[in-house]
Amino acid sequence: LGSADAPTEQNEEWHTHVHEVDEMLLFNGTDPEHPTDLCGEIEMMIGDEIYIFTKSTLIFLPAGLKHSTPIINRVDRPIFHFSTVLSKEYRLEPSK
């Protein structure tokens with residue numbers, strides 16, 4: 001749906017993890033007049049890069065890819081979010 005701005009500097013505070021299964025995350029703005037506008041700013045580490053999302057975005061994270069939990073930097077309107085793993089079970093393992 002959307003894309004991230006350029007990666008930013010790495011923050012030492014990131015809490016990363018991996019899953020043994022694929023995961024999908026959706027962040028969707030709620031302004032019907034501007035459906036691609038996220039209505040806020042979300043920052044997330046994917047792999048070894050940090051991305052800032054300001055557009056409605058669907059993220060596919062393949063099994064084994066290190067990533068952080070999302071950090072919500074700004075909310076201008078409600079943001080619809082869901083995450084799902086493509087498996088019958090969910091297990092979180094801290095990255096090494």
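Start by selecting Leu25, Phe27, Leu38, Ile42, Met44, Ile46, Phe53, Ile59 and Leu61: these nine residues form the largest nonpolar core of this predicted model. A nonpolar core here is a set of buried Ala, Val, Leu, Ile, Met, Phe, Trp, Tyr and Cys residues joined through side-chain atoms within 4.5 Å. Buried means under 20% relative accessible area, exposed means over 50%, and partly exposed lies in between (1.4 Å probe, protein chains only). In soluble globular proteins, nonpolar side chains tend to be buried together.

Which elements give two or more residues to this core? They are strand 2, strand 3 (37-46) and strand 5, and strand 3 gives the most, with four residues. Strands (E, at least two residues) are DSSP runs, numbered from the N terminus.

**A few ground rules**

Residues are numbered from 1 along each chain as its sequence is written, and side-chain values use heavy atoms, with hydrogens and water left out. Since this is a predicted model, local features need pLDDT of at least 70 and side-chain atom pairs count only at pLDDT 80 or more, while totals for chains, interfaces and linings use all residues.

**Next stop: Phe27**

Keep Phe27 selected and look for its contacts (heavy atoms within 4.5 Å). Not counting residues up to four places away in sequence, Phe27 touches Leu38, Ile42, Lys55, Ser56, Thr57, Ile59, Pro70, Phe80 and His81.

Two strands pair if DSSP finds at least two bridges between them. How many bridges join strand 2 (residues 23-29) to strand 8? There are seven, and one to find is Met24, whose partner in strand 8 is Thr84.

**Along strand 3**

Select strand 3 next. Eight of its ten residues are buried, so strand 3 is largely enclosed by the rest of the structure. Six bridges join strand 3 to the antiparallel strand 4, with Met45 partnered by Ile50 in strand 4. Two residues lie between the strands of this hairpin, where Gly47 takes a positive phi near 70 degrees. Strand 3 also runs antiparallel to strand 7, joined by four bridges.

**Charged partners**

The whole structure has three salt bridges, each a side-chain nitrogen of Lys or Arg within 4 Å of a carboxyl oxygen of Asp or Glu. Select Glu41 and Arg74: their closest N and O atoms are 3.9 Å apart. Glu41 is in strand 3 and Arg74 in strand 7 (residues 71-75), 33 residues apart in the chain. These two residues are also bridge partners between the strands.

Shared partners join Glu41, Arg74 and Asp76 into one network.

For another salt bridge, go to Lys66 and Asp48 (2.6 Å, N to O). Is Asp48 buried or exposed? Asp48 is exposed, with a relative accessible area of 55%, and Lys66 is partly exposed at 23%.

**Last stop: confidence**

Finally, colour by pLDDT, the predictor's confidence in each residue, from 0 to 100. The protein chain averages 85, and 79% of the residues score at least 70. Over residues 1-7 the pLDDT is below 50. Where pLDDT is low, the predicted coordinates should not be read in detail.
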